[in-house]
Amino acid sequence: MIFFQSLTKADLAELLLPLSAPRDRGLTDDEFEKKRAKRAKFRAQQIFHWVYQRYVTEWDEMTDLSKDLREWLKANVEIFRLTERVNQQALDGTHKFLWTLHDQKTIESVIIPAALQEKSGADAVARLDGRDPGTFRDDEEKETEATQMQKGVRFSGAKTDAKLNEGQWRRLTACISSQVGCAMACKFCLTGVQGLDRSLQTHEIVTQVHELRMRAPITNIVFMGMGEPLHNFENVAKACEILIDQDGLGFSKRKVTVSTSGLVPAITELGKRVDVGLAISLNASTDEQRSAIMPVNKKWNLAALMKACREFPLGPHRRITFEYVLLKDFNDSLEDAERVIKLTRGIPSKVNLIPFNEHSGAEFKRPDDIRVKAFQRYLLDRGVTATVRISRGRDILAACGQLRSIFGTARGTDRHKDWKELPVLQNHS
Ligand code: SAH
Ligand code: SF4
């Protein structure tokens, strides 16, 4: 059995080629081949629409396909589904999903809404700083997507919260996983503490988005859940191709972002292979500091990483996002901020500051808000676009890898400790 979601449209067309012989007689070999390829391509497109845009999960419901073709698809291709194990919503609207895979392993995806009100919150901070509120909003945030949200998306009733109604959210970002666990062993990250179990297949990546799309009008995708996407290059690249295929999930290439801890050769490969956004988990301002928390830096240091970023093909008005987890008394000084400016100079980019989300798997602490703001202000005052990621879904453990560590089998963490401290607000499962 082949999983439908593991196929790009071109893969599917190729699979359908032997079944797409034209009925016309008297064609030359060349004409026959051309017609057959065209029919296969058209059918692949039809099937993509049925699954990804009309949310049909049974071959028999695809009424404009011939009976023979449907029978063949039934026997050979499976439309993959993920089993929802946990579905929780936090006070701030963050929705967290834990899925069970066919081998009983679990992965998580999170929907992170960006509310309309957030804009005025950002404005307030800007005004506090005595600057034009417009200066630190990124292009994406300037858009009002509530009005652009996909129309005609089918919701699965009860699972779609009233808050997800059109008009309330500007953006609904799906944060998806690329691996079960992660091999990169970053010291501050709970997924890193767990180690790598296995990489996800293309269909397991694509289906996270597909399942979420059946529940909410997702506008953006970020590969910031569990795993290192570029350590699973082929499956992630293929998944991105399906996500941005206008006959597939249909996301704009500007709305899909791959986040990496810095696998330099794979960054270059990604730039050549598929046109999506890039986020780099910078997290430190010197090699010594970075190597202490991110082993990957020992293989590809900051100079190599920044060189790959400088050479990354960015379209017009596009920027690389540098993520910077702020760890108290480790990388949160103004000297660090100054070095971040130097490192990123000349790269069309923005810095996303993430105050550390504390968990029992790491000794680090979260800096207080004043220090976070001072760091941000230092960057802003020197013309660097810097946002602070508001901690989302803390009451449901929305940090990297944290939900799984409670329900799954986390190594090296006291998994009950985090859980007891937190209220369960809604559990639809
Ligand atoms: N492996 C990829 C993508 C997943 S991690 C990467 O590292 O980029 C997504 C982001 O979460 C990274 O920027 C990482 O630095 C950050 N992160 C991990 N653990 C965190 C924590 N406990 N608190 C705050 N951010 C964290
Ligand atoms: Fe892996 Fe990213 Fe966590 Fe590092 S931060 S351990 S790369 S998931």
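The conversation below turns to confidence, then the ligands, then the helix contacts.

Biologist: How is the confidence of the protein overall?
Modeller: This is a predicted model. The mean pLDDT of the protein is 82, and 77% of its residues reach 70 or more.

Biologist: Where does pLDDT stay under 50?
Modeller: One such stretch is residues 132-167, where the model has 48 contacts beyond four places in sequence. Another is residues 405-429, for which the model has 48 contacts beyond four places in sequence.

Biologist: How should coordinates be read where pLDDT is low?
Modeller: Where pLDDT is low, the predicted coordinates should not be read in detail.

Biologist: Let us turn to the ligands. Which residues come nearest to ligand 1?
Modeller: Ligand 1 has 18 residues around it, and those that come nearest are Cys189, Ser259, Ser281, Glu323 and Asn357. Strand E10 (256-260) and strand E12 (320-326) are the elements that give two or more residues to this shell.

Biologist: What is the shell around ligand 1 like by class?
Modeller: The shell around ligand 1 has nine nonpolar, seven polar and two charged residues.

Biologist: And which residues come nearest to ligand 2?
Modeller: Twelve residues are around ligand 2, of which Cys182, Met184, Cys186, Cys189 and Gly192 come nearest. By class, six residues of the ligand 2 shell are nonpolar, five are polar and one is charged.

Biologist: I should like to move to the helices. How do H1 and H2 cross?
Modeller: Helix H1 (residues 9-16) and helix H2 (residues 29-53) have axes that come within 8 Å and cross at roughly 125 degrees. H1 and H2 are therefore oblique to each other. Their crossing is right-handed.

Biologist: Which residues meet there?
Modeller: From H1, Lys9, Leu12, Ala13 and Leu16 take part, and they meet Ala40, Lys41, Arg43, Ala44, Gln45, Ile47 and Phe48 in H2. The contact of H1 with H2 has seven nonpolar, one polar and three charged residues.

Biologist: What about H7 and H8?
Modeller: The axes of helix H7 (residues 202-213) and helix H8 (residues 233-244) come within 8 Å, crossing at roughly 40 degrees. That angle makes H7 oblique to H8. H7 passes H8 in a right-handed crossing.

Biologist: Which residues of H7 and H8 meet?
Modeller: Thr202, Ile205, Val206 and Val209 in H7 meet residues of H8, namely Asn235, Val236, Lys238, Ala239, Ile242 and Leu243. By class, this contact of H7 with H8 has seven nonpolar, two polar and one charged residues.

Biologist: One more pair, please. How do H13 and H14 cross?
Modeller: Helix H13 (residues 334-344) and helix H14 (residues 369-381) cross at roughly 35 degrees, and their axes come within 9 Å. The crossing of H13 and H14 is right-handed.

Biologist: Which residues of H13 and H14 meet, and how do they divide by class?
Modeller: In H13, Leu334, Ala337, Val340 and Ile341 meet Ala374, Phe375, Tyr378 and Leu379 in H14. The contact of H13 with H14 has eight nonpolar residues, with no polar and no charged residues.

Note on methods. Residues are numbered from 1 along each chain as its sequence is written. Chains are lettered from A and ligands numbered from 1 in the order in which they are written. This is a predicted model: local features need pLDDT of at least 70, side-chain atom pairs count only at pLDDT 80 or more; totals for chains, interfaces and linings use all residues. A residue is near a molecule or strand if its C-beta atom, placed from the backbone, lies within 6 Å of it. Ala, Val, Leu, Ile, Met, Phe, Trp, Tyr, Cys and Pro count as nonpolar, Asp, Glu, Lys and Arg as charged, and the others, Gly among them, as polar. Axes are lines fitted to C-alpha atoms, for helices over the stretch in contact, and angles run from 0 to 180 degrees between N-to-C directions. Helices (H or I, at least four residues) and strands (E, at least two) are DSSP runs, numbered from the N terminus. Angles under 35 degrees count as roughly parallel, over 145 as roughly antiparallel, 65 to 115 as roughly perpendicular and the rest as oblique. A crossing is left-handed if the near helix is turned anticlockwise from the far one by less than a right angle, and right-handed if clockwise. Two residues are in contact if their C-beta atoms, placed from the backbone, lie within 7 Å. pLDDT is the predictor's confidence in each residue, from 0 to 100.
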